[in-house]
Amino acid sequence: MTAREYLEEIRSIDLQLRVKESELEKTRQDIYCLSATDYSKDKISGGRPMDISDKIAKLDALREEINNDWGRLIDERKKAKVLIQKIRDHRYISVLIERYVNAKEWEQIAKCLDYSKVGTYTLHRIALKKFDEVYSEV
């Protein structure tokens with residue numbers, strides 16, 4: 001795994017986690033909207049309607065999965081920060097942490113660092129080279 005792939009994986013975990021949290025919220029909203037089962041109607045063969053207990057079980061499983069992912073993400077962020085800090089140039093450290101640890105978009109990073117977008121790309125390219133040197137030692 002290259003240094004960039006390592007950092008991209010951390011960013012990817014963060015983004016996937018945000019999708020799962022959105023799914024969790026949607027499932028939670030679905031539970032609030034479930035209506036009571038009407039047993040007086042004819043049964044439809046070939047399937048089983050999802051009732052509230054099924055939704056709650058799905059919600060619990062998803063919540064558990066998200067908690068596990070958060071633990072993994074926090075651990076990976078910690079490791080990455082330790083490696084990034086070895087670069088010893090605050091500009092490079094900042095761009096890498098903002099992009100990969102904090103999962104910010106380029107526009108946000110440029111504004112935060114008070115650079116143009118092109119300047120941020122240049123800074124990022126150099127920072128990745130510096131990080132690659134640190135990463136290859138590990």
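Modeller: Buried means under 20% relative accessible area, exposed means over 50%, and partly exposed is in between. W106 is at 14% relative accessibility, so W106 counts as buried. Keep in mind that this is a predicted model.

Biologist: What does W106 pair with, and in what geometry?

Modeller: W106 forms an aromatic pair with Y121, and the pair is edge-to-face. The centres are 5.2 Å apart, with 80 degrees between the planes.

Biologist: Which helices does that pair link?

Modeller: W106 is in helix 4 (residues 106-113) and Y121 is in helix 5. The two residues are 15 residues apart.

Biologist: And Y121, is that buried, partly exposed or exposed?

Modeller: Partly exposed, because its relative accessibility is 34%. Y121 also has I109 across from it: their C-alpha atoms are separated by 9.9 Å, and the two are 12 residues apart along the chain.

Biologist: How many aromatic pairs does the count come to?

Modeller: The count comes to 4 aromatic pairs. One of them is Y6 with F131. Their ring centres are 6.5 Å apart and their planes are at 10 degrees, so that pair is stacked.

Biologist: Why call that stacked?

Modeller: Because planes under 30 degrees apart count as stacked. The planes of Y6 and F131 are at 10 degrees.

Biologist: Where do Y6 and F131 sit in the chain?

Modeller: Y6 is in helix 1 (residues 3-33), and F131 is in helix 5 (residues 117-137).

Biologist: Next, the core. Which residues touch the most other members?

Modeller: The largest nonpolar core has 32 residues. Y6, L7, I84, I87, V95, L96 and F131 touch the most other members.

Biologist: Which helices supply it?

Modeller: Helix 1, helix 2 (52-85), helix 3 (90-101), helix 4 and helix 5 each supply at least two residues. Helix 1 gives the most, with 8 residues.

Biologist: I87 was on that list. What is I87 in contact with?

Modeller: Leaving aside neighbours within four places in sequence, I87 is in contact with Y92, I93, L96, A127, K130, F131 and V134.

Biologist: Y92 again. What lies over the face of Y92?

Modeller: R91 does, at 5.1 Å from the ring centre.

Biologist: Switching to helix 1. Is R11 buried or exposed?

Modeller: R11 lies in helix 1. R11 is buried, because its relative accessible area is 6%.

Biologist: What does the side chain of R11 reach?

Modeller: The R11 side chain reaches the backbone oxygen of A103 at 3.3 Å. There is also a polar contact between the side chains of R11 and E105, at 3.5 Å.

Biologist: Which residues does R11 touch overall?

Modeller: Not counting residues up to four places away in sequence, R11 touches R99, Y100, A103, K104 and E105.

Biologist: What about R4?

Modeller: R4 lies in helix 1 as well. R4 is partly exposed, with a relative accessible area of 43%. R4 touches Y100, H124 and L128, not counting residues up to four places away in sequence. R4 and Y100 are 96 residues apart in sequence, yet 9.5 Å apart in space, C-alpha to C-alpha.

Biologist: One more in helix 1. What is T27 in contact with?

Modeller: K55, K58, L59 and L62, leaving aside neighbours within four places in sequence. T27 is found in helix 1. At 3% relative accessibility, T27 counts as buried.

Biologist: Last topic, confidence. What is the mean pLDDT?

Modeller: The mean for the protein chain is 88, and 87% of its residues reach 70 or more.

Biologist: Where is confidence lowest, and where is it highest?

Modeller: It is lowest in helix 1, at a mean of 90, and highest in helix 3, at 97. Where pLDDT is low, the predicted coordinates should not be read in detail.

Notes: Residues are numbered from 1 along each chain as its sequence is written. Side-chain values use heavy atoms; hydrogens and water are left out. Rings of Phe, Tyr and Trp (its six-membered ring) pair if their centres lie within 6.5 Å; planes under 30 degrees apart count as stacked, over 60 as edge-to-face and the rest as tilted. Helices (H or I, at least four residues) and strands (E, at least two) are DSSP runs, numbered from the N terminus. Buried means under 20% relative accessible area, exposed over 50%, partly exposed in between (1.4 Å probe, protein chains only). A charge sits over a ring if NZ of Lys or CZ of Arg is within 6 Å of the ring centre and within 35 degrees of the ring normal. A polar contact is a pair of N or O atoms within 3.5 Å; within protein, one must be able to donate a hydrogen and the other to accept it, and residues adjacent in sequence count only if both atoms are side-chain atoms. Contact means heavy atoms within 4.5 Å. A nonpolar core is a set of buried Ala, Val, Leu, Ile, Met, Phe, Trp, Tyr and Cys residues joined through side-chain atoms within 4.5 Å. pLDDT is the predictor's confidence in each residue, from 0 to 100.
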